[in-house]
Amino acid sequence: MKVEQISIFLENKPGSLEHATRILKEADINIRTLSLAETSDFGILRLIVNDVEKANTVLRENGFRVNKTAVVAVEVPDRPGGLHSIMEVLNKEKVNVEYLYAFVERSGENAVIIFRFDVPEKAIAVLTKNSFTVIPGSKLYAL
Amino acid sequence: MFYNEEFETLPREALKALQLKRLQQVLQRVYHTVGHYKKALDAAQIKPGAITSLADLPKLPFTTRQDLQENYPFGLFAVPMSSIVRLHASSGTSGRSTVFGYTKRDVETWSELMARCLVAAGLTKNDIIHNAFGYGLFTSGLGLHFGAEKIGASVIPMSGGNSKRQIMILQDFGPTAICCTPSYALHLAEQGKALGLDMKTLKLRVGIFGAEPWSVSIRDEIETIYGITALDMFGLSEVMGPGIAMECQEGRGGMHIFEDHFLVETINPQTGEPLPEGEEGELVFTTLTKEAFPLIRYRSGDITRLITTPCRCGRSHIKMERVMKRSDDMLIIRGINIFPAQVEAILADIEGLEPNYQLIADKISALDSLELRVEVSEKIFSESGSVKELQNIEKRIFKDMKDYLGITPRVKLVEPNTLKRSNGMMTKVIDNRRRA
């Protein structure tokens, strides 16, 4: 049920993000969603892509530091309180969120929240028990 | 003015005779008490008694910084610890630092030579000396301190840092002399200016500066801002500390090396061949009177020229020009000596880091700044890929640099293969500081 996220180490300097996106473009990789965590010196670009293995390979070949992290994608209706309904459950069950980011599905009805948990297995169990839709990687990459 | 007129003005013939006698004594002593020297002299097939004139000096093997490190901490001491009254050390992790020992008589000699420096700068017991050289394991602060007490001056043991307080004391205590690194003098002047203080209104009349390279134009700048005479002092912790050579007030241009205690040569740093006096080369020192930590033909790494023309001050001792170059990759940051190998050792001790790094020295206003760029390794990024973990690694590098080397660089993780390389070799040091 987990989803693989690609993380790329980027220096905070002009052109470094462009370099990464160019490589993905040239390898014909589609980005589903992304987020950028940054400090004054460096950033970590986190991506959900349609082809994790290929993205991993081409980025490494071009000298980037890349790692793969397990994240969890959860579908919620795109309306007020959607995210809150998940947070309420996670809070009650004492599941910690390290970070999250989101995107809206093409149909416009649902949003997908990408969560990084310290213990993903426990989070998945809690979410499915409470009838949330956890999207498996295979489905998410192809969305 | 002289502190020890007899020895400072000793005619050169007598000085050379004294040097030879002392050289022969120190050779006998190190041959019989320090394993390293016995081995080195035996390997060179030289008996200590074979040195019968100063012209024989080049027959003796050099002592290098590597020899010092290999004998860390006390391997080169020529006396038992019970005879040692003081220990100083250079920065660096275990085995990459050097420890300097002093007997009671060594401290006495050192104090006298520092006293000679202060008197050469025109200071007396009526002066108040603001000593902003660093105290502690480094030799500069305490070395100068003992000399100041020896001439009976009033010494303010200020040490480095805490600039606002330094300004306050300069105003309130009214010192007549200041001692620190030249860049710190410029930094203090900037602080003073920011606080609305004209440095020329202070009672200072003389400044003694050293521990880092500084040009004539920086000297002129300091003299103008402070309205003082700025004099150059040379020191080397391995050889003794500050007070090995001093610029006199009368002569200017060059520092007298106290030749009754040190024998100096210049050599070609590539071949090791001795150079005629006056040609630019690497300075090589032999200590003639040190008891605890004598050095035979120690290669200083400092490149400069010896000046043999007599000085109008009356001192018979040879002079050296200011040191602006090194024969190795040593960096001097705010008066602290750093070798890339020391940085490498620190990075190697941090789990998962590869020693792909670059040191970039710059000047931010008057003070040196150092940036340490380290390429993110595969291991670090795959095992500690979060922002927080990477920041912790930066902090750890910073802390180790501060703890072991006494410097506080800006640490920056960078992408792999981005540090400048020439012919496949990483350029480890980039020095953008203005030297003119």
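**View 1. Burial in chain A of the predicted model.** Of the 143 residues in chain A, 24% are buried (20 or more other C-beta atoms, placed from the backbone, within 10 Å of the residue's own). The model is predicted, and local features need pLDDT of at least 70, side-chain atom pairs count only at pLDDT 80 or more, while totals for chains, interfaces and linings use all residues. Residues are numbered from 1 along each chain as its sequence is written, and chains are lettered from A and ligands numbered from 1 in the order in which they are written.

**View 2. Secondary structure and extent of chain A.** Chain A has 7 strands and 5 helices (DSSP runs numbered from the N terminus: E, at least two residues, for strands; H or I, at least four, for helices). Their order along the sequence is β-α-β-β-α-β-α-β-β-α-β-α. The radius of gyration of chain A, 16 Å, is close to the 15 Å that the globule rule gives for 143 residues, so chain A is as compact as a globular protein of that length (radius over C-alpha atoms; rule: 2.2 Å times the number of residues to the power 0.38). The C-alpha trace spans about 45 × 30 × 25 Å along its principal axes.

**View 3. Packing of helices H7 and H8 in chain B.** H7(B) (residues 163–172) and H8(B) (residues 182–194) pack at about 80°, with axes 10 Å apart (lines fitted to C-alpha atoms over the stretch in contact; angles from 0 to 180 degrees between N-to-C directions). H7(B) is therefore roughly perpendicular to H8(B) (65 to 115 degrees). Ser163(B), Lys164(B), Gln166(B) and Ile167(B) of H7(B) make the contact with His187(B), Leu188(B), Gln191(B) and Gly192(B) of H8(B) (C-beta atoms, placed from the backbone, within 7 Å).

How values were computed: Buried ≥ 20, exposed ≤ 12 C-beta atoms within 10 Å, placed from the backbone. Parallel < 35°, antiparallel > 145°, perpendicular 65-115°, else oblique. Contact = placed C-beta atoms within 7 Å.
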